[in-house]
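Reader: Can you take me through this one? I'll ask as we go.

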Amino acid sequence: MSTASTFSTTNRDAHVRKLLKKKESQFLNIEKLRLFIGTWNVNGKTASEDLLPWLTDALQSPPAIIVLGFQELDLSKEALVFADSIRETEWRKACESAVNRISPDVKYQTVQVVRMVGVMLILFSSDSVREHIDNVATGTVPTGIMGFMDSQRLCLGNKGGVAIRLDLHNSSLCFITSHLAAHVEQKERRNQDFRDIKDKMVFTNSQVDYNSNSNISSIEKHDLTFWLGDLNYRITDIPLEQVKQHIDSRNWKPLLDRDQLLGEKAVKNAFGDYNESPITFPPTYKYDVGTDIYDTSEKARCPAWTDRILHKGKHITPLNYTAHMGLRLSDHKPVSQIFDIGIKVMNRESYKAVYEEVMKELDKLENEFLPQVKLSTLELDFGEVRFMEPSLLTIEIENTGQVPADFSFIPKLNESSYCKNWLVIQPSRECILPGEVVELHLTVHVDEKTTSQLNTGQDNIDDIIVLHLEGGKDFFLTVTGKYTLSCFGCSLETLIRLPDSVRDTPRQLIIDMLYQKENKLDSACTDNASMPIPKELYFLLDNVVNNGKQVRDLFQQRGLHQEIVAIRESLDTSPSADLPGKIHAVAEALLIFLDSLREPVIPFSLYDDALSAATDEAASMVIKSRLPPIHKRVFEYLLEFMLELLKYADDNYLDINTLANVFGPVLLRTETDKAITKADKQLLEQRKTLFISNFLRKGHI
């Protein structure tokens with residue numbers, strides 16, 4: 001039997017595509033195409049101005065593709081809480097009207113629209129280009145607290161990023177628009193938002209051909225990438241009056257020298273491998289609405305170039321990069337840039353000749369050689385692993401044979417997944433050409449879904465993963481590590497009985513508590529009479545009330561990851577009211593703590609009943625009466641906590657619906673995740689919100 005028969009058709013196609021990729025210069029020509037990109041934070045305003053000047057002021061010829069990004073499309077409570085928006089339709093109509101008045105000779109089609117709360121991206125193409133566009137897909141990454149904790153939930157807040165990717169002829173293009181964290185002091189948060197969007201963007205569309213030559217797996221794997229939006233980086237360390245003087249004299253250099261984005265790019269903290277054209281226009285934020293005058297309010301915010309367009313890839317020629325000062329409906333000015341981009345277009349005759357050459361070469365090799373690879377190691381020891389602290393190890397796979405080698409990770413016998421839930425492997429499959437080396441990145445990341453079983457010893461950082469070489473042998477890699485106990489992922493029943501920190505408690509005692517081995521508990525711990533709820537939860541609630549009840553954007557703005565890790569470490573080792581980190585990190589840690597509980601505050605057994613009772617206040621009260629004692633006490637404490645925050649609504653801008661939407665998903669959880677439609681998911685979230693709001697509307701417990 002020939003060795004060629006060991007290769008599946010799918011894998012052979014992958015080999016062919018990869019070999020053709022190496023020879024594409026022999027059959028692909030670069031053809032120039034004009035691209036228009038615009039971004040505008042519209043501050044929740046209606047589309048009351050004609051958008052044509054935005055599209056045509058700097059335009060010399062009609063573009064083939066138009067991409068428009070919007071931020072703060074809708075600032076209503078309905079949009080922030082439930083992701084519904086009345087603004088999307090009116091802004092889409094305004095864009096379509098303007099686009100089709102650019103030139104009487106060119107008609108445009110809407111290729112794709114994607115929106116997440118207030119962030120929206122629209123892509124148009126001319127009729128002549130549309131037929132060459134394929135594999136269109138979209139992605140969204142919320143950077144609000146709820147979005148960060150679970151991408152399957154609805155996002156609270158209007159920050160995050162959305163993206164559209166596509167193939168045009170033989171080039172892959174990706175467009176991202178984002179709204180990053182606000183305020184001058186939140187530079188690190190903006191950097192974190194950028195990294196989250198870049199790393200977590202997943203493209204989905206049922207019509208995408210995943211076996212095509214399309215690079216759809218991530219933002220980073222496209223030929224041409226464009227990132228636009230309200231990135232919110234500011235000008236720092238220059239007095240306001242000096243900033244305005246430099247603006248009046250159009251002396252941009254002193255201001256650009258203090259521009260946060262350029263500074264972070266230079267040291268590779270964010271957008272390090274992206275390019276931006278020189279800025280020659282005034283800062284685009286913040287204006288008095290309806291004017292060209294910078295902020296005259298009491299806050300007198302310093303002008304800044306918050307609105308930017310960046311790019312990366314080959315064959316990009318940036319042209320006019322400008323702001324449009326004549327549009328005044330928002331406190332931001334719209335920005336645009338024109339590009340000439342090189343698109344790879346196939347010469348079919350040349351392609352046919354190269355294809356035949358590749359097939360002959362591959363047939364010969366497959367009949368003479370077996371695939372062979374060498375791994376740099378088969379043992380991966382991650383050492384100490386802690387909750388919410390990802391740990392990364394890298395191994396190399398080298399193709400030492402004469403034919404392309406196709407590998408993938410496969411499940412072990414009687415298992416459905418090739419690795420445990422706390423392990424991520426990238427890439428999980430790949431085709432390696434002879435002599436090529438591929439890096440495998442293995443990350444152990446214990447989150448709120450996996451910590452509980454690791455705490456109790458029902459699972460360990462211990463796995464064997466099988467790397468399968470198509471047509472060759474299997475490799476067995478061992479993964480080991482030691483998980484450090486955390487209060488995140490324990491049960492309420494366990495935590496209330498711990499006299500000391502969880503880190504000072506023997507793991508076996510926690511296991512005994514789980515299984516209610518009372519004879520071992522009596523001498524080791526006692527009920528903490530001074531704390532009716534777990535001390536870790538008490539200190540989190542106490543800190544938020546004392547330090548955050550008057551803080552705006554509480555539970556809507558994320559904290560820094562390193563601060564949340566420090567809070568977890570403090571609670572695990574020496575719980576006290578003196579928690580590290582800023583208030584937004586403490587607030588997020590509180591939600592993560594509740595979300596990671598082994599059994600939620602509303603137990604799994606009452607989940608369905610609670611949702612059914614959500615539309616009936618009296619029925620909701622009955623559910624509360626059915627809660628186990630410790631769960632009932634915690635629930636009542638949390639309700640008192642929320643009511644206390646509502647007393648300061650004039651300062652923190654919280655209301656009943658917002659708090660109910662924040663706490664509903666962490667207090668009401670299912671034991672196992674089920675695949676449901678977006679509409680059903682929204683209905684479930686609304687039911688959870690209604691259930692919690694039933695208690696808050698009463699105004700007392």
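Author: Start with the ring rule: rings of Phe, Tyr and Trp (its six-membered ring) pair if their centres lie within 6.5 Å, with planes under 30 degrees apart counted as stacked, over 60 as edge-to-face and the rest as tilted. This is a predicted model, where local features need pLDDT of at least 70, side-chain atom pairs count only at pLDDT 80 or more, and totals for chains, interfaces and linings use all residues. Residues are numbered from 1 along each chain as its sequence is written, and side-chain values use heavy atoms, with hydrogens and water left out.

Reader: How many aromatic pairs does that rule give?

Author: The count is 28 aromatic pairs. In one of them, Phe635 and Phe695 have ring centres 5.1 Å apart and planes at 90°, so the pair is edge-to-face. Phe635 lies in helix α21 (residues 629–646) and Phe695 in helix α24, so the pair ties together parts that are 60 residues apart in sequence. Helices here are DSSP runs of H or I, at least four residues, numbered from the N terminus.

Reader: Phe635 and Phe695, buried or exposed?

Author: Phe635 is buried, at a relative accessible area of 0%, and Phe695 is buried at 2%. Buried means under 20% relative accessible area (1.4 Å probe, protein chains only).

Reader: What does Phe635 touch?

Author: Leaving aside neighbours within four places in sequence, the contacts of Phe635 include Leu667, Phe691, Ile692 and Phe695. Contact means heavy atoms within 4.5 Å.

Reader: And the nonpolar core, which residues touch the most other members?

Author: Among them are Phe635, Phe663 and Phe691, in the largest nonpolar core, which has 98 residues. A second, separate core has 46 residues, including Ile37 and Leu166. A core is a set of buried Ala, Val, Leu, Ile, Met, Phe, Trp, Tyr and Cys residues joined through side-chain atoms within 4.5 Å.

Reader: Back to α24. What is its end-to-end distance?

Author: The end C-alpha atoms of α24 (residues 678–698) are 31 Å apart; at 1.5 Å a residue its 21 residues should span 30 Å, which agrees. The expected span is 1.5 Å times one less than the number of residues.

Reader: Where is the kink centred?

Author: On Ile692, with a kink of about 25°. The bend is the angle between axes fitted to the seven residues ending there and the seven starting there. Ile692 is also among the buried residues of α24. Gly699 follows the helix, with a positive phi near 80°.

Key: Helix = DSSP H or I, 4+ residues; strand = E, 2+ residues; numbered from the N terminus. Buried < 20%, exposed > 50% of the residue type's maximum accessible area, 1.4 Å probe, protein only.
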